[in-house]
Amino acid sequence: MTQKEIPIFDANSTMFQNIGLLKVAETATRQHGDIVAIRVSETRDLYIAGSPECFHYWRGHQGHFQTDLGDIASNQAITRMLLGDELQDPRWSDIWVLTANRMSAIARDFDGWLETALAEATQTLIRDLPQDGSAVDLRDLCRDWSIRAVCPAIFGADIDVAEIAQGVADVEGFYFAMSTKDASETADHEMMPEFQAARGFLDKAITAALNDSSASDRNLIAQIATVIPPDVSEADRLNLLRPTVGHVITEKLNIGGLSLLWTLVQLAQDPQLAADIATECHGSDPMTLRDAESPLALSTVKEGLRLFPELPFIYRITSEAVPIGDYVIPSGATVVFAPWLVQRDPRFWDNPKRFQGDRFLDEGRHRAHYFPFGVGARIRSRANFMLHQLTLAARTICAAQAFALAPDCPRGNIRPLLRSALIPRGAVPVVFHPRAQADATTGDRALADAAQ
């Protein structure tokens with residue numbers, strides 16, 4: 001069978017660079033189909049893989065796709081730079097085994113600490129809402145929630161949310177710098193101010209937790225530190241803890257609370273959906289419900305991740321020529337898998353650009369076209385964790401509060417902008433009212449009017 005030549009979409013212009021990858025990918029696949037080479041420079045193409053078949057091929061042939069991107073720093077490579085790989089040094093092999101065993105031993109306890117942190121973070125979010133009807137920026141609200149929902153289980157209860165928020169921003173800044181600066185600028189990454197800020201945050205946070213914790217404390221650092229021999233120097237102790245702590249943060253933290261933010265943005269424009277979620281929690285404590293007992297809340301969260309996936313584009317490098325459909329993507333090519341495209345494709349979704357909170361009540365219909373976190377066994381673990389976090393928060397907020405976008409919220413602010421993740425373009429002011437004051441139809445109608 002003769003293979004077709006992959007079509008090329010020329011995006012090597014100021015106009016296309018300014019509109020960003022979201023629109024470029026949509027335009028390129030609309031013109032040329034699911035597989036298209038986007039020419040981003042005279043020497044570099046990105047191969048967009050914008051169909052479910054591409055994802056299924058990736059899932060079945062993961063060895064054909066590398067995460068290291070040659071002279072382009074991949075997220076995995078940047079993570080190694082930031083965290084160090086001291087535990088991989090043969091001289092620390094015994095401590096590596098002790099650390100792994102301790103992680104396994106406390107796994108169930110750690111899950112409990114995370115559950116406690118999630119409940120307390122959600123209660124704090126609701127307790128700290130303005131009581132005078134003034135608007136609060138959803139970006140700040142969700143960012144702080146995401147930190148409180150994870151970091152106490154890692155660092156201990158006495159965390160400085162603002163300091164960690166700045167530190168997380170510094171880490172994101174290092175990833176952004178490594179993926180956008182020239183190779184000459186990133187060759188000595190340890191001299192980069194972005195690296196020094198990000199590494200400095202991690203080391204300061206771990207050191208503070210070590211100094212403030214005892215062996216009986218219910219947090220990850222305190223427990224892992226118990227298996228590191230006392231004669232290990234302070235600097236080596238830090239180098240040995242940093243990879244473990246960093247990888248747990250990467251797995252558990254929803255940066256900026258963005259997945260919750262996008263779900264709440266949609267709920268703020270659909271007061272009836274929020275009221276229906278509150279109704280399914282009626283008579284029960286939303287904190288203790290199983291997620292299966294709040295199916296509309298769970299479906300709403302999944303719908304939020306459909307329209308605003310955690311990873312809208314996922315970069316890989318082919319390790320050999322890859323045949324997909326009628327095309328062959330060459331070895332060494334940069335392939336971009338695109339949940340952003342597949343999850344908004346009218347071939348697979350009814351009214352794909354419309355937010356429908358009940359869409360995933362019939363989940364089986366959509367499993368083959370849904371990849372908000374990517375694919376793979378480790379991805380499933382993160383997906384399950386995040387879905388539970390988001391579902392508990394969404395149903396608890398809806399049960400306690402009715403809310404709407406502030407009338408002066410610019411509509412352009414709630415359009416997504418792609419950085420390392422999908423972010424709003426500006427402030428997202430939202431007005432909250434206790435549900436008991438807004439249960440009446442007139443209250444919900446007033447909220448709906450405010451959202452117009």
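**Entry 1**

I began with T122, which counts as buried at 0% relative accessibility. Buried means under 20% relative accessible area, exposed over 50%, and partly exposed in between, with a 1.4 Å probe and protein chains only. I note at once that this is a predicted model: local features need pLDDT of at least 70, side-chain atom pairs count only at pLDDT 80 or more, and totals for chains, interfaces and linings use all residues. Residues are numbered from 1 along each chain as its sequence is written, and side-chain values use heavy atoms, with hydrogens and water left out.

T122 sits in helix α5. Helices (H or I, at least four residues) and strands (E, at least two) are DSSP runs, numbered from the N terminus. I then listed what T122 touches, leaving aside neighbours within four places in sequence: W145, M287, L392, A393 and T396. Contact here means heavy atoms within 4.5 Å.

Next I took α5 as a whole. It runs over residues 107–127, which is 21 residues. From first C-alpha to last it reaches 30 Å, close to the 30 Å expected at 1.5 Å a residue. The expected span is 1.5 Å times one less than the number of residues.

Which residues of α5 are buried? I found F110, W113, L114, A117, L118, A121, T122, T124, L125 and I126. An α-helix has 3.6 residues a turn, so residues three or four places apart point the same way.

**Entry 1: the whole chain**

I stepped back to the overall fold. The chain has 19 helices and 13 strands. Its radius of gyration is 23 Å, close to the 22 Å that the globule rule gives for 452 residues, so the chain is as compact as a globular protein of that length. That radius is taken over C-alpha atoms, and the rule is 2.2 Å times the number of residues to the power 0.38. Along the principal axes, the C-alpha atoms fill a box of roughly 65 × 60 × 40 Å.

Buried residues make up 53% of the 452 in the chain. I also checked contacts with a separation of 6 or more: 72% of them join residues 24 or more positions apart.

I looked at α8 (residues 161–180). Its 20 residues should span 28 Å at 1.5 Å a residue, and its end C-alpha atoms are 28 Å apart, which agrees. Its buried residues are V161, I164, A165, G167, V168, V171, F174, Y175, A177 and M178. They pack against α3 (75–83), α6, α7, α9 (183–186) and α10 (193–212).

Then came α15 (residues 295–307). I read 19 Å between its end C-alpha atoms, in agreement with the 18 Å that its 13 residues should span at 1.5 Å a residue. How many of its 13 residues are buried? Twelve are, and the helix is mostly covered. Among them are K302, E303 and R306. The cover includes α13 (258–268), α14 (271–280), α16 and α17.

**Entry 2: single residues across the sequence**

F55 lies in helix α2 (residues 52–60). It counts as buried at 0% relative accessibility. I found that F55 and P339 are 284 residues apart along the chain, yet 9.0 Å separates their C-alpha atoms. Leaving aside neighbours within four places, F55 is in contact with A49, F337, A338, P339, V342, F371 and V375.

I turned to A37, in strand β2 (residues 35–39). A37 is buried, with a relative accessible area of 2%. Its C-alpha atom is 9.8 Å from that of A333, 296 residues away along the chain. Not counting residues up to four places away, A37 touches I6, P7, I8, F9, D45, L46 and Y47.

**Entry 3: the loop between α16 and α17**

H369 is found between α16 (339–342) and α17. Is H369 buried or exposed? At 17% relative accessibility, it counts as buried. Beyond its neighbours within four places, H369 is in contact with P52, V342, Q343, F348 and W349.

N351 is also in the loop between α16 and α17. It counts as partly exposed, at 46% relative accessibility. I marked its backbone too: N351 has a positive phi of about 45° although it is not a glycine.
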